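Hi there,

Here is the structure I promised to pass on. Have a look at it first, and then read my notes below.

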Amino acid sequence: MSAPEEPDDLDVGDLVPRDPRDAMSLQTAWLRSFLAVADKGGFGAATAALHLSQSRVSAHIAALEHTLGVTLFDRKARPICTTAAGELFRGHAMAALLELQRGVEAVRSTLDNVVAQVTIGSYPSVSSTYLPGILQELQACHPGVTVELHEGTAATLEEMVASGTVDLAFRPLLPKMRETTLCHRTIWHEDIVVVMREHDPLAAQESVGVEDLLARPLIGNPAGTEEDGGGFDLRNTLGEAAGRASIAYLTDQPTTLVALVRAAFGIGVINRLALQTTSTEGLTIRTIDSPTAHRNVALFWLRRRADSAVVKAFLDAQERAPLPPGVLPI
């Protein structure tokens, strides 16, 4: 008896799940939430990485476990860890998402006229002074590309681009990226400066020394603990003397920093570009006598996305856009 002939073409009906627990019932959002919880060791940490509420992540995991008919996490363990079934499924889930992403990127890379969405990570001073010019260049050459913007700090921007939440992210080179699978393009160099009230005694000096700063209450950015990069530019500028600094306030917002300086809570230490986003009328800005009173800003993206048409389109637009005021090209 001869074997039955194989069909020439796969019928779409063959892909329709015949069992509610079939793989076709799974949603990619469930898989992303599962992998985030497994990688981060908890629901709370996963929510920060995914930028979703904890209830949404929990719902994704519950739906996935119900569909698979197994328990994926030992919730009594601290930190939470995968069960044997969860660990077995983990590799398959990761491989499935990676393969699907490769398919998306392969399709996008064949487009003559890019029609896609690009997701950008940024921080407020770049978003307000530099990004609009890039978007104008992008729109002129690729009107079919839409842009989604996510803003954050140096630490959260690293997480966004490393996890694939964003396609590209603007970020200072320091603190150093821990993720090694990233490409980057250094764009500009800018000073870290001190801002003070115009009648402050330090305003009479052409520049301010580290010892001058150590004698005063300081206001820096971004907010957060030292481990999370809080006040990094300030601490980096002071170098080994940072431990002697009196840091009065840390804030993510240049307008808040300037307002605190106006109200005489201290003097501010901040990158020069950030001051372009707020009024400094009545204040004095001075350079700092420190070999580390500067920073370089770069654009980062995943190496595996380097050939994506939409990533290439954004990189081309960035290269053509004029730099913001107060910075020096690399």
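H6 passes H12 in a right-handed crossing (right-handed if the near helix is turned clockwise from the far one by less than a right angle, left-handed if anticlockwise). Their axes come within 8 Å and cross at roughly 120°; axes here are lines fitted to C-alpha atoms, for helices over the stretch in contact, with angles from 0 to 180 degrees between N-to-C directions. That makes H6 oblique to H12, since angles under 35 degrees count as roughly parallel, over 145 as roughly antiparallel, 65 to 115 as roughly perpendicular and the rest as oblique. On the H6 side the contact (heavy atoms within 4.5 Å) is made by Leu131, Ile134, Leu135, Glu137, Leu138 and Cys141, and on the H12 side by Ala313, Phe314, Ala317, Gln318 and Arg320. These residues divide into eight nonpolar, one polar and two charged. For the classes, Ala, Val, Leu, Ile, Met, Phe, Trp, Tyr, Cys and Pro count as nonpolar, Asp, Glu, Lys and Arg as charged, and the others, Gly among them, as polar.

Before you go further, please note that this is a predicted model: local features need pLDDT of at least 70 and side-chain atom pairs count only at pLDDT 80 or more, while totals for chains, interfaces and linings use all residues. Residues are numbered from 1 along each chain as its sequence is written, and side-chain values use heavy atoms, with hydrogens and water left out.

The other crossing involves helix H1 (residues 28–40) and helix H2 (residues 43–50), whose axes come within 8 Å and cross at roughly 125°. That makes H1 oblique to H2, and the crossing is right-handed. Here Arg32, Ser33, Ala36, Val37 and Lys40 of H1 meet Phe43, Ala45, Ala46, Ala49 and Leu50 of H2. By class, that contact has seven nonpolar, one polar and two charged residues.

**The chain as a whole**

The protein chain has twelve helices and 13 strands; these are DSSP runs numbered from the N terminus, helices being H or I with at least four residues and strands E with at least two. Its C-alpha trace spans about 100 × 50 × 30 Å along the principal axes. Of the 330 residues, 42% are buried (buried means under 20% relative accessible area, exposed over 50%, partly exposed in between, with a 1.4 Å probe and protein chains only). Among contacts with a separation of 6 or more, 73% come from residues 24 or more positions apart.

**The core and its surroundings**

Which residues touch the most other members of the largest nonpolar core? They are Leu168, Phe170, Trp188 and Phe314, in a core of 37 residues. Strand E3 (117–122), strand E5 (168–172), strand E6 (182–197) and strand E12 (294–302) each give two or more residues to this core, as do helices H6 (131–141), H7 (154–163) and H12 (309–320). A nonpolar core is a set of buried Ala, Val, Leu, Ile, Met, Phe, Trp, Tyr and Cys residues joined through side-chain atoms within 4.5 Å.

Leaving aside neighbours within four places in sequence, the contacts of Leu168 include Val118, Ile120, Val161, Leu299, Phe314 and Leu315. Asp167 lies in the loop between H7 and E5 and counts as buried at 10% relative accessibility. Not counting residues up to four places away in sequence, Asp167 touches, among others, Gln117, Thr119, Trp301 and Arg305.

**Single residues to look at**

- Thr284 sits in strand E11 (residues 283–289) and is buried, with a relative accessible area of 11%.
- Asp228, in the loop between strand E8 (217–220) and helix H9 (232–238), is exposed at 53% relative accessible area.
- The peptide bonds from Arg78 to Pro79 and from Leu174 to Pro175 are cis, with omega near 0°.
- Pro175 is in the loop between E5 and E6, and Ala154 of helix H7 touches Pro175 and Arg171, not counting residues up to four places away in sequence.
- His51 has a positive phi of about 60° although it is not a glycine, and at 38% relative accessibility His51 counts as partly exposed.
- Ala264 has a positive phi of about 65°, again without being a glycine, and counts as partly exposed at 44% relative accessibility.

Happy browsing!
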